[in-house]
Amino acid sequence: MAYMIPYYIADQGQPSPVLRYIWDEDPVSHFQHDPSELLEKIENTTIRAKIALCIGIYEWIIWRYHRLTNDVTPFQIAEAAWCSNIHDIYIEYYELDPKEYLGPVLDPLYMSMMWMGTVLFNTAENKDEWEIPNHMCS
């Protein structure tokens, strides 16, 4: 399987490689949006539908940065994520070294890859993992 940019991202055009933000390495500072409206809308969907939504969001992130790094790991994880949403035999647990992913490009990619891992390895048996802690929504 050769992972390619999804049509729903390609149709939006190429994002500028210029970053227009100051990066803060504090992960809690990244949660500035209250997700409660989205969570309410998807509450009654299946766990696989929720995972598909997470993979789609993940794809937006990795394709945003694709012209700023040569690291293929985020794309390998995306491909494996879609396959594992069919069956979990298609992915193996992974851990990444955070020291290898620092800065305004690699740290967001690292965080998204780690959140993707959390999504993929906390399936229907761990539904409480799908709840976002209150301190991250404020």
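How many helices and how many strands does the chain have? It has 5 helices and 0 strands. From the N terminus on, the order of elements is therefore simple to write: α-α-α-α-α. The model is a predicted one.

Start with confidence. The average pLDDT over the chain is 82, and 83% of the residues reach at least 70. Among the helices, α4 has the highest confidence, with a mean of 93. The lowest is in helix α1, residues 7-10, with a mean of 81. One stretch needs care. Residues 132-138 have a pLDDT below 50. Beyond near neighbours in sequence, this stretch makes 8 contacts in the model. Where pLDDT is low, the predicted coordinates should not be read in detail.

Next, the chain as a whole. It has 138 residues, and 35% of them are buried. Take the contacts between residues at least 6 apart in sequence: 74% of these join residues at least 24 apart.

Helix α3 covers residues 47-64, and helix α5 covers residues 103-121. Their axes lie 10 Å apart, at an angle of about 170°. An angle over 145 degrees counts as roughly antiparallel, so α3 and α5 are roughly antiparallel to each other. Which residues make the contact? From α3 come I51, C54, I55, Y58, I61 and I62. From α5 come P108, L109, S112, M113, M116, V119 and L120. By type, the residues of this contact divide into 12 nonpolar, 1 polar and no charged.

Stay with α5 and find V105, which lies in this helix. Is V105 buried or exposed? Its relative accessible area is 14%, under the 20% limit, so V105 is buried. Leaving aside neighbours within four places in sequence, V105 is in contact with L19, Y65, L68 and T69. V105 and H66 are 39 residues apart in sequence, yet their C-alpha atoms are 9.4 Å apart in space.

Move on to the loop between α3 and α4, where D71 lies. The side chain of D71 makes a polar contact with the side chain of T73, at 2.8 Å. The D71 side chain also makes a polar contact with the side chain of Y101, again at 2.8 Å. L106 is 35 residues from D71 along the chain, and the C-alpha atoms of the two are separated by 9.0 Å.

Helix α4 spans residues 73-86 and holds S84. S84 has 4% relative accessibility, so it counts as buried. What does S84 touch, not counting residues up to four places away in sequence? The partners are R48, Y90, I91 and L120. L120 is also one of the α5 residues in the contact with α3.

Finish at helix α2, residues 36-42, where L39 is found. Its relative accessibility is 31%, so L39 counts as partly exposed. In sequence, L39 and K50 are 11 residues apart. In space, their C-alpha atoms are 9.6 Å apart.

Note on methods:
Residues numbered from 1 in each chain as written. Predicted model: local features only at pLDDT ≥ 70, side-chain atom pairs only at ≥ 80, totals over all residues. Heavy atoms only, no water. Helix = DSSP H or I, 4+ residues; strand = E, 2+ residues; numbered from the N terminus. Buried < 20%, exposed > 50% of the residue type's maximum accessible area, 1.4 Å probe, protein only. Contact = heavy atoms within 4.5 Å. Axes fitted to C-alpha atoms, helices over the stretch in contact; angles between N-to-C directions. Parallel < 35°, antiparallel > 145°, perpendicular 65-115°, else oblique. Nonpolar A, V, L, I, M, F, W, Y, C, P; charged D, E, K, R; others polar. pLDDT = per-residue confidence, 0-100. Polar contact = N/O pair within 3.5 Å; in protein donor to acceptor, adjacent residues only side chain to side chain.
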